[in-house]
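Please work through the exercises below with the structure open beside you, and try each task before reading its solution.

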Amino acid sequence: MSQNHGQWTSRFSYVLAATGAAVGLGNIWKFPYIMGENGGGAFVLVYLVCIALIGIPVMMAEVMIGKFGRQTPARSAVLMAKASGRSSAWRVTGWGGVAAGFLILSFYVVIAGWAVAYTWYGFSGRFENQGAEQIGLLFTELNAGPWALMGWSGFIVLGTVLVVGKGLQKGLEKAVNLMMPILFVLLAIMVGYAAATGNFSEAVQFMFAADFSKLSWNGVLIALGHSFFTLSLASGIMMMYGAYLPDNTSLVKTSVYIAIMDTLVALMAGLAIFPIVFANGLPAGAGPGLIFQSLPIAFGQMPLGQLFGGSFFLMVVVAAFTSSIALIESSVAWLVENRGLSRWQASASAGFAIWLASLLTVFSLTGAEWSVVSLWGDIRISFFDLLDYITANIMLPLGGLIIAVFASWAVSEEISRRTLDTTPALYRLWQLSLRFVAPVAIVAVFLNLIGVLNL
Ligand code: PHE
Ligand code: NA
């Protein structure tokens, strides 16, 4: 077995690590704001359908590849391709993750840096008795210049490098083991608080009444892309975890379990945020700052809000941190395998490169003039938006498409049936969704968007 990464001793820590990678900023920060920007209910419905029909089967495919090879992603994919009599070019299924993981992490650490800053703001009482306007100002100030953002995100980069470089994941597991349930409980309390004091009925209406006139095709692509992003798919991570899937663990059941946990956290985040958004007259489409401009209003008014607000953002930091560790892992494994670096050298170099790349996002947020690029036509977009769009909406769906085709068409049925190890009916269902549903849906959304198809 490859010694490139820590090993999961039990089924429990495997599930925990995979859930830790899945649950992160995607659930608490990104899902609410892209839902808000794309009109709510119809977007949520498309997102849920994508998770169920595409995300879960692709996740199973990735874990299956990792489980079969018990190696780093690209090597596992090659082993599986060869065993099925296919070309080793299928190693691309394992490659996509290195670039995607790197680019995602470059903006992920900056957003996680926001959460570090807000942990400090929360504990030090900066939210106390502040109205929507002052809370909005706090966010504007944080993004006024590059230094604060560089400092806060620096914490995350450093922490990630230290943990991954020194191989401390095992020790961290115990801490995370405790904190994930705390995050869950804090979120549940926030939903309760928002229901009691905010505009809960409008929020529920917004999130669950599907009005398709509010959803564009670009919105559909964003929902599809987010279903990959939130489950950590097409980034090599699930293959890596699959390599350590304990023998007595059901691949199918744990994949479903992880997807359900992830979806629950995202929906709870929405239910915690939108009642406050509507009660305070904030725009649902406020963008990436949504959670930071809404929740602190509630923390500032509720009893024990100082302790509560600080703890909440601390848990967001923890969730982001466990995802960052997973995200850097594909770059680190690649450097160790192909460049012969030690683990420590690899994580330090990856960390430095990521920190440099994160400056693109930092300066996009502070509004530096050079951070806005012109694309074709009169489309102007910041590096941050560009990175987010290219990774989540193009690289991950494309990667997912390749994985789906590989697992369901290229891999021999005998091998996939044995590795997946499930009932014949579930196997057929899985195969069907990867052979037809996922490819057709992904290709149709792409073609429609570039105007070849006109749905
Ligand atoms: N799934 C993580 C989240 O929702 C982000 C992530 C994407 C992590 C891709 C790993 C790989 O925040
Ligand atoms: Na997620």
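This is a predicted model: local features need pLDDT of at least 70, side-chain atom pairs count only at pLDDT 80 or more; totals for chains, interfaces and linings use all residues.

Residues are numbered from 1 along each chain as its sequence is written, while chains are lettered from A and ligands numbered from 1 in the order in which they are written.

**Exercise 1.** Find how many residues surround ligand 1, and how they divide by class.

Solution. Taking a residue as near when its C-beta atom, placed from the backbone, lies within 6 Å of the molecule, we find 15 residues around ligand 1, of which the closest are Gly24, Gly26, Ser232, Ser235 and Ser323. Next, the helices (DSSP runs of H or I, at least four residues, numbered from the N terminus) that each supply at least two residues of this shell include α1 (11–22), α2 (25–37), α10 (217–230) and α14 (305–339). Finally, the shell has 8 nonpolar and 7 polar residues but no charged ones, where Ala, Val, Leu, Ile, Met, Phe, Trp, Tyr, Cys and Pro count as nonpolar, Asp, Glu, Lys and Arg as charged, and the others, Gly among them, as polar.

**Exercise 2.** Describe how α8 and α14 cross.

Solution. Two packed helices are described by the angle between their axes and the distance between the axes. The axes of α8 (residues 169–197) and α14 come within 9 Å and cross at roughly 135°, with axes fitted to C-alpha atoms over the stretch in contact and angles running from 0 to 180 degrees between N-to-C directions. The two helices are therefore oblique to each other, since angles under 35 degrees count as roughly parallel, over 145 as roughly antiparallel, 65 to 115 as roughly perpendicular and the rest as oblique. By class, the contact of α8 with α14 has 11 nonpolar, 3 polar and no charged residues, contact meaning C-beta atoms, placed from the backbone, within 7 Å.

**Exercise 3.** Decide whether asparagine 129 and aspartate 421 are buried, partly exposed or exposed.

Solution. A residue is buried if 20 or more other C-beta atoms, placed from the backbone, lie within 10 Å of its own, exposed if 12 or fewer, and partly exposed in between. Asparagine 129, in the loop between α5 (92–123) and α6 (132–142), has 9 such neighbours and is therefore exposed; its phi is near 55°. Aspartate 421, in the loop between α17 (413–420) and α18 (424–449), has 15 and is therefore partly exposed; its phi is positive, about 55°, although aspartate 421 is not a glycine.
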